[in-house]
Amino acid sequence: MADPDYDEFGNYIGAVLPEEREAGPGAMDEDDEEEDEVVDDEEEDTTAAGGRPGEPEMALVPADGARGGEQLNQIVLHEDKKFYPDAEELYGDAEVRVEEEDTQPLDKPVIAPVKIKQFNMPVKPPKGEQSQAHSFMIGLTENPQFVRNVALIGHLHHGKTTFMDYLLHTEGRHTDVRIDEQQRGVSIKCTPCSIVLQNTKGKSFLINVVDTPGHVNFVDEVSAAVRLCDGVCIVVDAIEGVMVNTEKLIKHAIAEQLPLCLVVNKVDRLILELKLPPDDAYIKLRHTIEEVNNVIAECPHLKGVPQKLSPELGNVAFASSRHGWSFTVQSFAKLYAGYFPGLDHSAFARRLWGDIYYNEEARTFSKKRGKSGDKEDSRSFVHFVLSPLYKLYSQVVGTEPEKLDPVLFELGLRLSREQRR
């Protein structure tokens with residue numbers, strides 16, 4: 001039921017409330033008089049500021065839009081806006097130069113790069129360099145028939161650079177002398193070096209050895225070096241064997257119709273790291289040589305009969321460039337010929353590789369494995385080459401340096417202070 005005191009819109013239409021009775025009709029008049037006084041005061045302030053009554057104030061406004069410490073919402077043109085301070089405000093003491101466009105030549109960069117004028121590390125000349133050896137080398141250069149150019153090629157970190165330093169027989173490092181090469185630990189540019197070496201007959205030749213990079217990104221350096229050389233020397237790690245880059249470089253050398261020779265490097269890793277027995281080490285070395293021969297036989301650029309690499313033919317050498325030794329079966333046979341006069345080293349070298357067994361009791365060689373008492377005959381390469389190496393390494397590793405000096409003196413070896421550590 002609807003309330004009679006309120007109409008249909010919710011307005012009160014009932015009797016007069018007690019509050020309105022107390023206020024009376026004069027209360028509303030007083031409020032209207034106060035509002036009129038406020039309006040009169042505002043009109044007086046506007047007239048004093050130079051405006052007209054009823055119009056907004058027209059006072060001067062600073063450029064930053066502030067008046068009396070207050071920010072005003074005013075319209076500022078785009079060319080008058082200031083987003084960043086000027087250079088004079090930031091750098092009051094600095095000299096500010098404003099130049100026209102294209103005053104600096106195009107060949108001069110705005111920010112000049114840092115130039116490093118010296119790329120190579122300073123290399124000290126080797127001590128004890130003899131003038132006679134230098135003059136002998138100059139004499140060999142005048143005879144082209146005694147000059148050979150050889151390139152060392154192989155996969156990355158297979159020991160080409162260390163092998164070249166070993167061939168120089170001097171202290172210090174003569175390859176990878178660039179600063180970036182020493183920082184990265186890889187060869188980037190080819191490094192040539194002239195060395196006087198002798199063949200198995202004692203004839204001296206001037207060998208210009210070119211150390212090439214092993215990384216696949218620098219194969220252009222290898223290609224340029226191979227074009228200049230008379231032959232290539234393939235360096236292969238005894239443990240890793242033939243890698244992808246090794247296979248590519250062998251095919252490239254065959255395409256250039258260059259003679260090949262093989263250096264099975266890092267043989268010491270078979271002894272010290274893998275700790276293989278001598279018989280297993282021989283099988284590993286033979287497998288590495290067979291891998292290289294298979295790559296040569298399957299090369300598509302091959303013309304004629306493929307070249308065979310074998311220690312019996314004298315084109316395979318075994319080395320440990322880190323420890324400073326290398327040999328072929330012919331050179332190892334000559335070592336035995338020096339201790340046993342009358343020994344035919346050439347005939348002995350032909351029996352130092354392959355499935356040829358040595359009988360210790362009868363002191364004979366045979367192609368079939370027999371027995372020396374209760375012990376089976378071992379291969380001649382294992383008995384005469386690998387076993388002495390294993391004994392030498394075991395004695396060097398397990399013996400104190402003071403007790404090792406007499407043994408090294410008998411062998412004609414001399415260790416530096418760094419090698420003793």
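**Terms and cut-offs in a predicted model**

The protein has 15 helices and 14 strands; helices (H or I, at least four residues) and strands (E, at least two) are DSSP runs, numbered from the N terminus. This is a predicted model: local features need pLDDT of at least 70, side-chain atom pairs count only at pLDDT 80 or more, and totals for chains, interfaces and linings use all residues. Residues are numbered from 1 along each chain as its sequence is written, and side-chain values use heavy atoms, with hydrogens and water left out.

Me: Why is C190 called partly exposed?
Reply: Buried means under 20% relative accessible area, exposed over 50%, and partly exposed in between (1.4 Å probe, protein chains only). C190 has 22%, so C190 is partly exposed.

Me: What makes V396 partly exposed?
Reply: Its relative accessible area is 35%, so V396 is partly exposed. V396 sits in helix α13 (residues 380-398). Its C-alpha atom is 9.4 Å from that of V407, 11 residues apart along the chain.

Me: How much of the protein counts as buried?
Reply: Of its 421 residues, 30%.

Me: Why are α11 and α13 called roughly perpendicular?
Reply: Axes are lines fitted to C-alpha atoms, for helices over the stretch in contact, and angles run from 0 to 180 degrees between N-to-C directions. Angles under 35 degrees count as roughly parallel, over 145 as roughly antiparallel, 65 to 115 as roughly perpendicular and the rest as oblique. The axes of α11 (residues 329-339) and α13 cross at roughly 85° and come within 12 Å. The pair is therefore roughly perpendicular.

Me: Which residues make that contact between α11 and α13?
Reply: V329, F332 and Y336 of α11, with F381, F384, V385 and P388 of α13. Contact means heavy atoms within 4.5 Å.

Me: What makes α8 and α10 oblique?
Reply: Helix α8 (residues 244-255) and helix α10 (residues 278-297) pack at about 50°, with axes 10 Å apart. The two are therefore oblique to each other.

Me: Which residues meet between α8 and α10?
Reply: E247, I250 and I254 in α8 meet V292, V295 and I296 in α10. By class, that contact has five nonpolar, no polar and one charged residues. Ala, Val, Leu, Ile, Met, Phe, Trp, Tyr, Cys and Pro count as nonpolar, Asp, Glu, Lys and Arg as charged, and the others, Gly among them, as polar.
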